[in-house]
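Subject: Two-chain model, handed over

Hello,

Here is the model we spoke about. Please open it first, then read my notes below.

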Amino acid sequence: MQAGSIWKRFRRRLRYWLNQSERQRLLWEEMEFHIESMAQDLVAQDIPEAEARAAARRKFGNMTQTSEDARVAWTTRWMSDLWHDLRYSFRGMRRDAGFTVFAILIAGLGIGASSTVFSVVNALLLRPLPFRDPVRLVWISNGNESTNTQTEHYSDLRALNGSFSDLAAFADWGVGNRELTGTGDPQRLTSVPVTGNFFAMLGVQPLIGRSFTAEECRGSYSAPPAMLLSYNFWRRQFLSDPGVVGRKLILDNHPVTVAGVLPASFDFGSIFTPGTQMDIFVPWPLTDQAKPRGNTMRIIGRLKPGVTVRAAQAEFTALGKQLDKQHPERNGIIPRLMPLAQHVSGRVRPALFVLACAVGIVMLIVCANLSNLELARLSARQKELAMRRALGAGRFRLVRQMITESVALSCCGAALGLILAVAGTRGLAHLHAFELPLLSTVQIDGSTLVFILLAAVGAGVLFGLLPALQISELSLRAGLEDAGRGSTGGKRHAWIRDALVVSEIAFACTLLVGAGLLMRSFLRVLDVNLGFQPERAAALRIDPSFRISRLAQQNSFIDDVLHRARSVPGITTAGITDVLPLRDDRMWSVSVKGQFYEKDRHPEPYIRVVTDGYFEAAGIPLRAGRVFTERDRASSEPVVVINETMARTISPGQNPVGQTITDYRRQHVLGLVVGVVADVRHASLEAASGPEMYLAMRQTGDYAAMQLVVRTALPPDSLAAGIRTALRPIDPNLPVREFVTFEDLVDRAVSPRRFLMLLLAGFAAFALALASLGIYAVISYSVNQRVQEIGIRIALGASAADLQRRIVLRTLGLAALGLALGMAGSRVLSSALGTLLYGITSGDPVTFIEVGTVLIAVAAIAGYIPAWKASRIDPMVALRSN
Amino acid sequence: MGSEKPKADLLPGTLDMLVLKVLMRGHLHGYAIAQLIQQLSDDLLRVEEGSLYPALQRLEMNGWIEGEWGLSANNRRARFYKLTPDGRKHLTEESARYRQVTGAVARIMGFA
């Protein structure tokens, strides 16, 4: 049958079903007419009217039956049955309000948690990136996934390769640092230089206006002629005024034309630089000789149709070798290709996997718990079910009834879960402090709704199935007889409930172990020696609003700032740096005078440009030699300070102080090593620091920002205003800029780890609560079943302590079994935590022992309560009852 | 269901076909349909009222017939059914199928 007629039939059926009672009446009238006609015919054969009517009616038969049969045509049987079952379920729910509320609550929590996690997984792993044909986009890095490429290599690769229809790139260095003046308060914008074809290659059309022209891509790096606004910046700064396109804005004291506004769907920050919002995009003139040198580019390519990443990788490996040979003067190039989607979500994949497993386990515990409760309810409802059997309900019909009930329950739970998930995703999407890509796109969409529905039905069937199958075991007579006396009541029944509790404990154990391992890793991370002291240290960005052209001008600014900052009451020391720990980084290749290096074997220290006072303010201890002083100026000999790792790299086992460091081409001297300081964890808390080299800020202009770092005697937050006031006389235009405490920096660096740990701990606590509830329910049920037996034991002289011991021992038996299974499972599963662990192994014995202790303790308490109740049973009452 | 005298039982599905066929003659109400089937079969086939009305509902639900209220010969409100184009098509298909089946049965039984 064609789709059209199926649809028509369905519509007709629905229409009939909706005015059932009217149709019923009409059918009845039709049948009455039939009987009447029959009677008329009989009267015509000379049969008395009354007799004729009776005969006709007799012949027609059971009108009700006929109308029922006829009605089947328009309400298929299962529909009306479903309707009955549902009504019956809701009546049952009202009767058992306590059970219902509890079931809806835990199903709702489970479904809410799992659908929130699903929506994150959906946004990060399942949904395609918001670009045209995103599967053909490839991330091209250099050597390892996070290393950039030199612009010259980019131009050559773009010209020479045959695998990509185009390559485009954006800058990783020099992001930010543009100052907007002339529209209200001066403010600092985060800007990204991009190649002219960047938006066209990704398939992003400006919402209004146009992309960059070829002309604009040939301008100067420091003063771009045009810019594109991000949607959020346009909305925030210009209140979505389309008239801004075409206007000139003052950026770093240069007029820049607004070429266009990018669409809301293009959220550069959330994809490429999680945790940072980008305001404007400027063209990147590759021809400008004044552009920053070195590895500054992040390259994305669009594969030609039919070309695989693997084939492109092979081509690029060869191209890389060729370029390396042709251009020994450039930085090394080892192209590494991976699908863009994998690059974007790769870092968070393990954490998401762990979360997905955790919510899966939570859902299983929820189901086991509800199953258990349903079983307990079932034994109370045995009589009712037996009665329904006796009245002719088929076995299958009863099973269906039970499953309908449980699905109805879990669907009510899903409604609650939906509310929780909406709240959860809202909260997540607004966590700006959080470096998760695509976080702002996390939302409840169609696929999440489908997931919720499937989860609800799946959970309902899962937890309804066991009790439903129990019904088939139901014996009619046993059910109808008074069930209270059966002290032997269903061995099988008890066995199933025990098994459910054991599985709950095992699942809870797995979650607890996972949460425990993450928690211990977290504590280990917090214990790491950072190399600086975050307490009472803070940084304030103070780039001067005027352009500094000479070192002397810069140094008098620095002198002035430091002098004023140090005189603010409450500030003990102050210094200036260009990059803050755990936030920014850059790396140079260098050489040490008198040593020979092969290509790409040069020391590559991270570069920080700092003034005197910085080491004291940040709390970085000096290991050898001296730190910078005010006398290290443009006129004096250039000096550098290195960290211990760098010291080990350049002169293993010797004193590095006194060595001279040059750039890697040995063209100019960077400085004489005057001191060695402790390693600072600059990239993350977990990763050991690499070699680091500090340049004296008074001797160089090569830095992108000025951060005033202060160490305070008071809480740093209270001093922000004081510092601003103190600095105002130097530069009245000094914008109100970012003030950040070092503790915030650390906090932000550990936030993903803490977030994951807290989530998992929450799941584990929920699981533990459910499992202990399960234990409690099973033990009290078995106590209730054996009230008489216990009464007899007490009457025969069993002591309360003895009884309690028996019951608690049984509980502990269950708990031990669950624990053993759970531990074995966790041992296997915890290896999946892999990179998320820090400082401990996945089999960390302390965690396992602690989890075991907690679980046994909780089980003992859960079992002790019914045991205590049992020991207080009055034997006379127990024996007399039924 | 015991009836007074042996009647030919209808093959399953044949009632629907007969109703459709009878409706080729024009608009008829339920009683008339039953009467007509009985007459046309020389009283051999008697339609059970208990199955006629469910069958009419079913046919209408499938869109093969359409019912509308009108007045009977003796001025009583009755429901008249007519064949739809879909129903006509269905009838052709059904009768072809029926001919095949009965032909096959007849061959086996050696009637033909």
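Two strands count as paired if DSSP finds at least two bridges between them. Keep that in mind for the strands that follow. One caution first: this is a predicted model.

**A run of strands in chain A**

Start at strand β11 (residues 280-283) of chain A. A:Ile280 and A:Val282 point one way from β11(A), while A:Phe281 and A:Pro283 point the other way. All four are buried. In a regular strand the side chains alternate between the two faces of the sheet.

Two strands pair with β11(A). Strand β8 (residues 226-229) of chain A runs antiparallel to β11(A), joined by two bridges. In that pair, A:Leu228 stands opposite A:Phe281. Strand β6 (residues 191-194) of chain A runs parallel to β11(A), with four bridges. Here A:Pro193 stands opposite A:Val282.

Now follow β8(A) the other way. β8(A) also pairs with strand β10 (residues 254-261) of chain A, in the parallel sense and over four bridges. The bridge partner of A:Met227 in β10(A) is A:Val258. Which residues of β8(A) point one way, and which the other? A:Ala226 and A:Leu228 share one direction, and A:Met227 and A:Leu229 take the other. All of them are buried.

**Domains of chain A**

Chain A is divided into five parts:

- domain 1: 3-75
- domain 2: 78-132 + 349-481
- domain 3: 134-346
- domain 4: 490-529 + 746-882
- domain 5: 543-736

The centres of domain 1 of chain A and domain 3 of chain A, taken over C-alpha atoms, are separated by 77 Å.

A:Val309 is found in helix α11 (residues 309-326) of chain A. Leaving out residues up to four places away in sequence, A:Val309 touches A:Val138, A:Leu337 and A:Pro339. A:Leu137 is 172 residues from A:Val309 in sequence. In space, the two are 9.4 Å apart, C-alpha to C-alpha.

**A helix with a buried side**

Helix α18 (residues 551-566) of chain A has 16 residues. From first C-alpha to last, α18(A) reaches 22 Å, close to the 22 Å expected at 1.5 Å a residue. The buried residues of α18(A) are A:Ile558, A:Val561, A:Leu562 and A:Ala565. They cover an arc of only 95 degrees around the axis, so they sit on the same side of α18(A). What covers them includes β15 (571-577), β23 (707-712) and α21 (720-727) of chain A.

**Nonpolar cores**

The largest nonpolar core has 155 residues. Those with the most contacts inside this core are A:Ile365, A:Ala508 and A:Ala767. What does A:Ala508 contact, beyond its neighbours within four places in sequence? The contacts are A:Ile365, A:Ala767, A:Leu768, A:Ala771 and A:Leu855. A second, separate core has 58 residues, including A:Leu580, A:Met646, A:Val710 and A:Phe742. In soluble globular proteins, nonpolar side chains tend to be buried together.

**Chain B**

Chain B has four helices and three strands. From the N terminus on, its elements run α-β-α-α-β-β-α. Of the 112 residues of chain B, 29% count as buried. Among contacts in chain B between residues at least 6 apart in sequence, 47% join residues at least 24 apart.

The three strands of chain B form an open sheet in the order β1-β3-β2, with antiparallel pairing. β1 (28-29) and β2 (65-71) of chain B stand at the edges, each with a single partner strand, so one side of each has no neighbour in the sheet. Seven bridges join β2(B) to β3(B). In that pair, B:Leu71 stands opposite B:Arg77.

**Where the chains meet**

The contact takes 22 residues from chain A and 14 residues from chain B. On the chain B side, α2 (30-40), α3 (49-61) and β3 (77-83) each supply at least two residues. α3(B) gives the most to that side, with seven residues.

Best wishes

Definitions and conventions. Residues numbered from 1 in each chain as written. Chains lettered and ligands numbered in written order. Predicted model: local features only at pLDDT ≥ 70, side-chain atom pairs only at ≥ 80, totals over all residues. Buried ≥ 20, exposed ≤ 12 C-beta atoms within 10 Å, placed from the backbone. Domains from an automatic or database assignment. Expected span 1.5 Å × (residues − 1). Arc of directions from axis to C-beta. Contact = placed C-beta atoms within 7 Å. Core = buried A, V, L, I, M, F, W, Y, C linked by C-beta atoms within 7 Å.
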